[in-house]
Amino acid sequence: MKKLSVIILCLSSVFVLQNCSSSKKTAKIKVVSFQQDVMPVLQASCTPCHFPPGGNKAPLNNYDAVKKHIDDMIVRVTLPATDNKFMPWKSKKPALTEEAIKVLKGWKDQNMPQ
């Protein structure tokens, strides 16, 4: 009877460990795309200053331009709002949300897919 109890305990332990979510490290990472994820952030926060024809700042209206400036963009949107290099600077646009900043960082971390 004691052997049966030990076997049942071992089997139930194996079952629990196999189905434990912390033992499964297969979380899917969302692929961040330029058109679907990054561009909406830029359109909401960087227009009209960085979007031609009305914008007179470095254009951020296409993939190549954003790819070239992504490091500086991430730094500037994460600065304190009182910093002169903070973006969006002196505009009526609010600061980027944490979620929007995560989109930019995630896109960069994923090697900037289109």
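## The lining of the largest pocket

In this predicted model, the helices α2, spanning 34–45, and α3, spanning 63–78, each supply at least two residues of the lining of the largest pocket. The largest share of that lining comes from α3, which provides five residues.

The lining of the largest pocket is made up of 22 residues, and those that lie nearest its centre are Cys46, His50, Leu60, Met87 and Pro88. Sorted by class, the lining residues comprise 13 that are nonpolar, five that are polar and four that are charged. The space that lies in the largest pocket amounts to about 390 Å³.

## How α2 and α3 pack

The two helices that contribute to this lining also pack against each other, at an angle of about 65° and with their axes 13 Å apart. Where α2 passes α3, the crossing is left-handed. On the side of α2 the contact is made by Phe34, Val38 and Leu42, while on the side of α3 Tyr63, Val66 and Met73 take part. The contact of α2 with α3 has six nonpolar residues, with no polar and no charged residues among them.

## Ser45 in α2

Ser45 has its place in helix α2. Is this residue, Ser45, buried or exposed? Ser45 counts as buried because its relative accessibility is 14%, which falls under the 20% limit used for that term.

Leaving aside residues up to four places away in sequence, Ser45 touches Pro88, Lys93 and Leu96. One of these partners of Ser45, Pro88, is also among the residues that lie nearest the centre of the largest pocket.

How values were computed:
Residues are numbered from 1 along each chain as its sequence is written. This is a predicted model: local features need pLDDT of at least 70, side-chain atom pairs count only at pLDDT 80 or more; totals for chains, interfaces and linings use all residues. Side-chain values use heavy atoms; hydrogens and water are left out. On a 1 Å grid over the protein atoms alone, a cavity is a set of points where a 1.4 Å probe fits but cannot get out, and a pocket is an open set with protein on both sides within 12 Å along at least five of seven lines; lining residues have an atom within 4 Å of a point. Grid points are joined across faces, edges and corners, and a volume is the space filled by probe spheres set on the points. Helices (H or I, at least four residues) and strands (E, at least two) are DSSP runs, numbered from the N terminus. Ala, Val, Leu, Ile, Met, Phe, Trp, Tyr, Cys and Pro count as nonpolar, Asp, Glu, Lys and Arg as charged, and the others, Gly among them, as polar. Axes are lines fitted to C-alpha atoms, for helices over the stretch in contact, and angles run from 0 to 180 degrees between N-to-C directions. A crossing is left-handed if the near helix is turned anticlockwise from the far one by less than a right angle, and right-handed if clockwise. Contact means heavy atoms within 4.5 Å. Buried means under 20% relative accessible area, exposed over 50%, partly exposed in between (1.4 Å probe, protein chains only).
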